[in-house]
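Subject: Handing over the structure, with notes

Dear colleague,

I am passing on the structure we discussed, and below it you will find an account of what was found in it.

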Amino acid sequence: MKAAVFHKPKDIRVETVEDPRIEQSRDAILRVTSTAICGSDLHIYNGMVPQPRSMVLGHEFMGIVEEVGPGVPNLKVGDRVVVPFPISCGGCFFCSNGLPTHCENSNHKTYGPEGELIKAKGAGAALFGYTDLYGGYDGGQAEYVRVPYADYGPRKVPDNLTDEQVLFLTDIFPTGWAAIDWAELKGGETVVVFGAGPVGIMAMKSAWLQGAGRVIGVDIEPYRLDMARKSANAEILNARQMDVIEVIREMTGGYGADVCVDAVGMEAHRSAFEKAMNVVQFEKGSMKVLEMCLDAVRRAGVVTVVGVYGSPYDNFPLYKWFDKGIKLMGGQAWVHRYIDHLLDLVQSGQVVLNDIITHEVPLSEASRMYDIFNKKEDNCVKVVLKP
Ligand code: NAD
Ligand code: ZN
Ligand code: ZN
């Protein structure tokens, strides 16, 4: 089959690889019909999340069931499904408690400070196409993909919905939803989302759906802010053109926002990353978004973090967090917990997800699209690949 194979940073090629096959009784094989490139894929693409060997990327995909193992009674050949990005068993302590991203049974590896393998229970879920660190499973930017625990993850999609309408249930909509869910809105809150990328825009849409009274998007790319305004009806602030902390305080009677979401992650903290990882290939001096969130939130407010961090972050302003009494929560989204409700929201027309797609191209163009998405060229917000 053809697949987008990561070889080394900035080197992704579509080439012929071996077809996946059923390896465990709870596996299914999907014929992928649509798959997206995620901001998380860029961490691998840019070498910020290391991957030493070649691997098929892609954790946002859906398709048609081609083959099922004997342990997947709920799916049959021909079913059309969308698949959560964490590989979770459904039965362990964490899965049973609605925390699928902490699954103990999917071969996630966690390493200690000296690089030693920690085999603690609850090491966290593996992810599709997300490096050996996250289990080493091939991903879905391919014609076919093996889906472990296929009796637990995949959700059948109603025929009347197109791929584009439901594809983002795999990751970015549940992730944006989680960012707001963790803030436990009571209604009427001012929510500021840093990052108007695909995840940030999904958080803005989720904020309205969960009862926010005001939604403000912050980014440094005007065309992304434009998308946030059009697609998520957000007020927008360009952090390159103003002191956004001051402006947010002015907008909130001097208090600061009730909730701030970091939907940017470690790219904005490159100098800390460089120091931690002893690498120098990234430009220095970018704005530290997590710190901006702590500044922009009101006292006793909530900061949630869905942007990915993968290294120590020194000089974290603990005193601000402590003094302001800020509730802080972050991590990977509990996709399996949210996905059925979110599918209902799509099905009933309460939310539209596909309006952020700016590029839909054959899988064969994956390499070029990674480059464009990474450089934020061609007004690119979200890329969908069609195998
Ligand atoms: P993206 O790279 O397309 O978007 C990031 C946005 O942040 C861009 O629009 C960029 O212009 C903006 N940005 C950069 N520096 C900024 C700054 N200083 N101030 C304001 N905005 C700034 O990525 P995405 O797909 O939207 O993903 C965003 C983050 O969410 C990534 O870190 C990704 O890995 C992460 N993510 C997390 C989960 C999860 O489960 N927690 C799931 C999916 C993605
Ligand atoms: Zn993703
Ligand atoms: Zn589990």
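The protein has 12 helices and 20 strands, where helices (H or I, at least four residues) and strands (E, at least two) are DSSP runs numbered from the N terminus. This is a predicted model, in which local features need pLDDT of at least 70 and side-chain atom pairs count only at pLDDT 80 or more, while totals for chains, interfaces and linings use all residues. Residues are numbered from 1 along each chain as its sequence is written, and chains are lettered from A and ligands numbered from 1 in the order in which they are written.

Of the 387 residues in the protein, 51% are buried, a residue being buried if 20 or more other C-beta atoms, placed from the backbone, lie within 10 Å of its own. Among contacts with a separation of 6 or more, 72% are between residues 24 or more positions apart; two residues are in contact if their C-beta atoms, placed from the backbone, lie within 7 Å.

The protein is divided into domain 1 (2-171 + 334-386) and domain 2 (174-330), with bounds that come from an automatic or database domain assignment. Where the two touch, 22 residues of domain 1 are in contact with 20 residues of domain 2. On the domain 1 side, helix H1 (39-45) and helix H11 (335-347) each supply at least two residues, and the largest share, five residues, comes from H11.

Turning to the ligand, 34 residues surround ligand 1, and the closest are Gly39, Ser40, Gly197, Val199 and Gly265; a residue counts as near if its C-beta atom, placed from the backbone, lies within 6 Å of the molecule. The elements that give two or more residues to this shell are H1, helix H4 (172-181), helix H5 (198-209) and strand S14 (214-219), and H1 gives the most, with four residues. Both domain 1 and domain 2 contribute at least three residues each to the shell around ligand 1.

Finally, the largest nonpolar core has 126 residues, and those with the most contacts inside it are Phe194 and Ala203; such a core is a set of buried Ala, Val, Leu, Ile, Met, Phe, Trp, Tyr and Cys residues joined through C-beta atoms within 7 Å. This core also draws at least three residues from each of domain 1 and domain 2. Leaving aside neighbours within four places in sequence, Ala203 is in contact with Gly176, Ala179, Ile180, Val193, Val261, Ala263 and Val306.

With best wishes

Conventions
A residue is buried if 20 or more other C-beta atoms lie within 10 Å of its own, exposed if 12 or fewer, and partly exposed in between; C-beta atoms are placed from the backbone.
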